[in-house]
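Please consider the following note alongside the sequence and the model.

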Amino acid sequence: MYCKFCGKEIEENDQFCPYCGKEQADPISTRISDSGRKWTELKVPNDTKNPGVAASLGFFLGWFFLGPIGYVYLEQWNWFWLTFIIQLFAVPLTFGIAWIIIPVLLAFHQYQQAQQINKLVLARRERGTGREEEAGFEEQEL
Ligand SMILES: [Zn+2]
């Protein structure tokens with residue numbers, strides 16, 4: 001790789017450029033963003049998920065502060081806790097405005113997440129050996 005400051009070629013893992021001495025990346029912020037990325041990374045469940053079901057759970061349960069249950073259906077527990085905690089703070093901090101927005105956001109996000117999960121599950125099945133066909137997968141509109 002090349003130094004971001006002086007452009008000289010340096011070792012891949014050099015934290016400081018040996019030529020100009022400038023730091024290449026803040027290792028702590030890199031580590032935090034790495035762990036954050038891992039934390040929100042999608043887990044691949046055994047079966048495909050119905051995006052319509054996921055979105056319905058997020059939307060209808062969202063009015064009762066139970067919208068994150070849609071992530072339980074999608075088997076994304078990290079997302080469940082993340083959104084559960086966010087809504088606890090968001091609703092009082094926005095004087096209730098978040099209460100109207102959250103069900104819509106959750107429905108939208110859970111719908112997209114279900115589609116992403118299905119792609120990952122199907123990709124894994126294609127790679128895998130002799131697994132059952134995608135019988136359980138059906139698209140359903142809201
Ligand atoms: Zn340099």
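1. The buried residues of helix 5 are covered by elements that include helix 2 (51-62), helix 3 (69-73) and helix 4 (77-93). Helices are DSSP runs of H or I with at least four residues, strands are runs of E with at least two, and both are numbered from the N terminus. A residue is buried if 20 or more other C-beta atoms, placed from the backbone, lie within 10 Å of its own.

2. This is a predicted model: local features need pLDDT of at least 70, side-chain atom pairs count only at pLDDT 80 or more, and totals for chains, interfaces and linings use all residues. Residues are numbered from 1 along each chain as its sequence is written.

3. Among the buried residues of helix 5 are I102, L106, Y111, I117 and V121. Helix 5 (residues 97-127) has 31 residues and reaches 45 Å from first to last C-alpha, close to the 45 Å expected at 1.5 Å a residue.

4. The axes of helix 4 and helix 5 (lines fitted to C-alpha atoms over the stretch in contact) come within 10 Å and cross at roughly 155°. Helix 4 and helix 5 are therefore roughly antiparallel, a term for angles over 145 degrees between N-to-C directions, on a scale from 0 to 180. T83, Q87, A90 and V91 of helix 4 make the contact with A98, W99, I102 and L106 of helix 5, where contact requires C-beta atoms, placed from the backbone, within 7 Å.

5. Overall, the chain has five helices and zero strands. Buried residues make up 20% of its 142 residues.

How values were computed
The expected span of a helix is 1.5 Å times one less than its number of residues. A residue is buried if 20 or more other C-beta atoms lie within 10 Å of its own, exposed if 12 or fewer, and partly exposed in between; C-beta atoms are placed from the backbone. Two residues are in contact if their C-beta atoms, placed from the backbone, lie within 7 Å. Angles under 35 degrees count as roughly parallel, over 145 as roughly antiparallel, 65 to 115 as roughly perpendicular and the rest as oblique.
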